[in-house]
Amino acid sequence: MMDSSGSLLAVDGTPLRRKLAQSMFRSRVRAFGLALPLLAFIIVVFVYPILDFLRQSVYDARFATLMPATSEAMADWDGSTAPTEEMAAALVADLVIAKKEKTIGKVATRVNRELSGTRSLFTKTARNAKKMKPPYMEALIKKDKDWADIETWHAMKTASRVYTPAYIVAALDRKMLADGSIIQQSEERRIHVQLFARTMEISFLVTIFCLILGYPIAFLMASLPLRTSNLLLILVLLPFWTSLLVRTTAWIAMLQAQGVMNDLFVVFGLATDEDRFSLIYNKTGTLIAMTHILLPFMILPLFSVMKTIPPSYVRAAKSMGATDWTAFWRVYFPQSVPGIGAGALLVFILAIGYYITPALVGGQDGQMVSNIIDFHMRKSLNWNLAAALGLVMLVFVMFLFWVYDRVVGIDNMKLG
Amino acid sequence: MAEAQTKAFVEFQRVQKSYDGEVLVVKDLNLAIPRGEFLTMLGPSGSGKTTCLMMLAGFETATHGEILLDGKPINNIPPHKRGIGMVFQNYALFPHMTVGENLSFPLEVRKFGKSEREAKVKRALDMVEMGDFISRRPAQLSGGQQQRIALARALVFEPELVLMDEPLGALDKQLREKMQFEITDLAHKLGITVVYVTHDQTEALTMSDRVAVFNDGVIQQIAPPDELYESPENSFVAQFIGENNTLEGVVKEINGGVALVELDSGDLIDSKPVNVSKPGERTRVSIRPERVEYNKDRLQKGAHTLKAEVLEFIYMGDIFRTRLRVAGNDEFIIKTRNAPDQVRLTPGTQIEIGWMPEDCRALDA
C-alpha cells in the first residue's frame, strides 16, 4: 500500500516507517537500558571532568572576582590611551580589600603570568595601599615607577577578561597584547611549539619502529599452526602482566652508562670503557622504551587482520607465476593494510599522550607534551595553561584523525 | 588424440607423502595422465586427493617419489615456475583488485606488454561470458560469477595443465550443474589437461574422462565413469559410487566366470567373481538398485530370483524408491522408473525380485 506522497503504508494504514520504529522501540529501550549504567559512569567521571577542565583553558575568572572594581573600571579602556585616574582609584580600593582578605598573592600570580616581574609590584603596593591618598595615579607612581608603564596596565587588562584565549595563545608560544593582537613570544621563551614538534616526532618514530618490528612477528604468528601461534601470542602479551613502571625501570638498568647494553658493547669492542653510549635520559631512551612498551598494540591488530587472510590468496598468486616477493607485495600486503592502519593509529595516539616513560627515561630532550602538562598541574599550578596545552593536543590529534580518515579511510581499519 | 594418449603428460611415480613422519597420507601413488585428459580425483575427505593436487601444484613436497610434468621431474621447481593454472575452492580472487586486474595479474608477472595483456584478458573474459564485468570488484559478484572469473584467471595465461580444487563446492545445485557442463565444455574446446578434485561423485561421473577413486591414501580404482559405475573393482568403489545393495556370504565354488555364493541367510546365488579367488572366502555381493526387477513379465531369461518383503515405498517424482528386506538385509533398495504401467508396491507385501547374474558382482568382504 502507498499513500498519496508515495511512502509505503502498513496494513492498518500507518506509514511503514513509523510502524517499524514502533516495533523496534522496545528492543531499543532495552539496549539503551543495558548501556545506561556504563554511560552514566562515563559521563560523570570522564566526560564531565574533561569538559570542565578544558573550559579552564579559555576561562579564568580569578582577577575579575578578586579585583571587581578594577575590572569594571578597565572594561571600556582600549589600551591605547593612558590609564585614567578612575582606574587607579579602583585599583587602590581593590588592593586594600585584597590585602585584608589575603588574596593579593593570587592576584599577583595571575598578573605575573601576563607580565613577569609584576608579582612584587603588586604585593609591595598592596602593603601601602591603605595609606594612599588621591590623586591615586600619582601615589601609585610614587610608590613604584612601574605603575607609569602602560605594559603593567595592559597585563591587568588581559587578566581581567573572564573568557580569554590567552592560555591557548600561550600554549602556542604567542602572547596577546591589550589591544587583542597576537605576537610571537621572545625567542628564549618559545618552548611549547618545539615540544609539540618533538612529541609528534617521537610518536611518529615509535609508530614506525613498532611497525618494522611488529609486522614480521604478526606475519609469523598468522602463518604458524594454532598451537605455536598461541604460544607466541602469550609471549607478546606477557609484558602486560608486569607494571608499566617495572618495565620502564628495567630499561634504565639495561641502558644506563654502566648498564647491561653498554657493558656488552664494551665487551664486543663497539665502545670503549671511557666513552660509553648515552642510551638513556635522552630521546634515544624514550624511543627505545616506548617502542618496546607499545609494540603489542601494533602486533595485535596486525595479527588479527592477517589471521583472516586465507593462505589460498598467496598460493593463487604463486600458481599464476608470481615470485614469493611479488605474491607478498601485490597480494598479501594490500590486504594487511587495514591492520597497519589500526595498529599505527593506536600506537600513535597512545604515544602522543605518553607520560611515565618519557618522565623516567627521557632526560631533557626526551620530554613530551604530557610531561610539561604535568609540570603545570603539579609544580607551577597553572592549570589553565595545562588545560590549554591539552586542548591544543586534542585538536591536533582530531585533525590527524581526520587526515587519516581522508587518506586511508576509517572504515578501512580493522581491530579484529 | 590417440597418439597423445600414449605418452603421459603428468606422471606420479611411487609418490608418498607424510606430514608428521608417522602416518602416510598418500601411499605409493602411481598415476599417469595423458595430454588433454579430464581426470577427476574423487574420494572422501582425508583420502589424500587434495594432498596429491597440492604436490602437483608445488605447495606440498612429496616425501618420496617423483612427479613428472611433460617428462621432466618437477619436485624441485617452485610453484611459480611450474606454469600450472589453478582454481581454488573459494576462488581466491584478490579482493583489492578489480576483475580485470585479477586477470591481468598472471600476465603482468609474466611480463606481457600492456596491449597484449588487455587483449588476453578480454578474450578470457569473453570465453566465460563475463566481458561486461571487467571493472567490478569480486565482492560485487555472485558466487557463480566469481567462479567464472576464477576459471578465466586460471586460463588467461594459457597453461596446458589446470588444477581445480573442489571449485563448485560453494555453489547451489542448479548452478553447479550448469558450471559442470561449462567447465568440461571449455576444457575440451581448449584441449587442456585438467586435474579436478571433488568429493561429489555425480560431479566426477558427469565431467570426467577418467575418475581416480581415492581412499586411505591409495587409488582404489581408476577408470572411465561408466566402467567405474558398472564394474567397480572393490566394495569401497561400489559403495562410494552411486547407490549399491550388498549381500554378505561365502564363496562356494568358482566355475568358468561364475561364482556360487551362499548368502548368510542360506540362499544360493550366482555372481560374477571380481576379487574373490577361491571357495571358502567371505564376500560382499553388490547389485545396483536399478538392475533389480520385481515385475515377473519383465524378468529376463536366466535371472536369479529371491524372496523379498516390501518395507517402504518412496515416491520421488521421476523414480520410485522401494526399500525391501532381502536375505536378512533391511536396507535393500530398488529403483524403478515412473512409467505408466509401473506397479507401486505397498509395504508389507511379499514379492519376488530378480536380477541377471552378470549384474551381481562378488567383491572383497
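The expected span of a helix is taken as 1.5 Å times one less than its number of residues. In this predicted model, helix 19 of chain A comprises 25 residues (383-407) and should therefore span 36 Å, in agreement with the 36 Å between its end C-alpha atoms. Within helix 19 of chain A, the buried positions are A:N384, A:L385, A:A386, A:A387, A:A388, A:L389, A:G390 and A:M393. These buried residues pack against several helices of chain A, namely helix 1 (16-55), helix 9 (166-171), helix 10 (192-223), helix 16 (324-352) and helix 18 (369-378). Just beyond helix 19, A:G409 adopts a positive phi of about 95°.

Contact between them involves seven residues of domain 1 and nine residues of domain 2. On the side of domain 1 that touches domain 2, helix 9 of chain A makes the greatest contribution, with four residues. That side of domain 1 consists of five nonpolar and two charged residues, with no polar ones.

The largest nonpolar core contains 98 residues, and B:A152, B:L163, B:V195 and B:V213 have the most contacts inside it. Helix 5 of chain B (residues 143-155) gives the most to this core, with six residues. When neighbours within four places in sequence are set aside, B:V195 is in contact with B:V10, B:I33, B:L39, B:M41, B:L53, B:L56 and B:L163. Another core, of 53 residues, lies apart from the largest one and includes A:V305, A:V347, A:M368 and A:I372.

How values were computed: Residues numbered from 1 in each chain as written. Chains lettered and ligands numbered in written order. Predicted model: local features only at pLDDT ≥ 70, side-chain atom pairs only at ≥ 80, totals over all residues. Helix = DSSP H or I, 4+ residues; strand = E, 2+ residues; numbered from the N terminus. Buried ≥ 20, exposed ≤ 12 C-beta atoms within 10 Å, placed from the backbone. Contact = placed C-beta atoms within 7 Å. Nonpolar A, V, L, I, M, F, W, Y, C, P; charged D, E, K, R; others polar. Core = buried A, V, L, I, M, F, W, Y, C linked by C-beta atoms within 7 Å.
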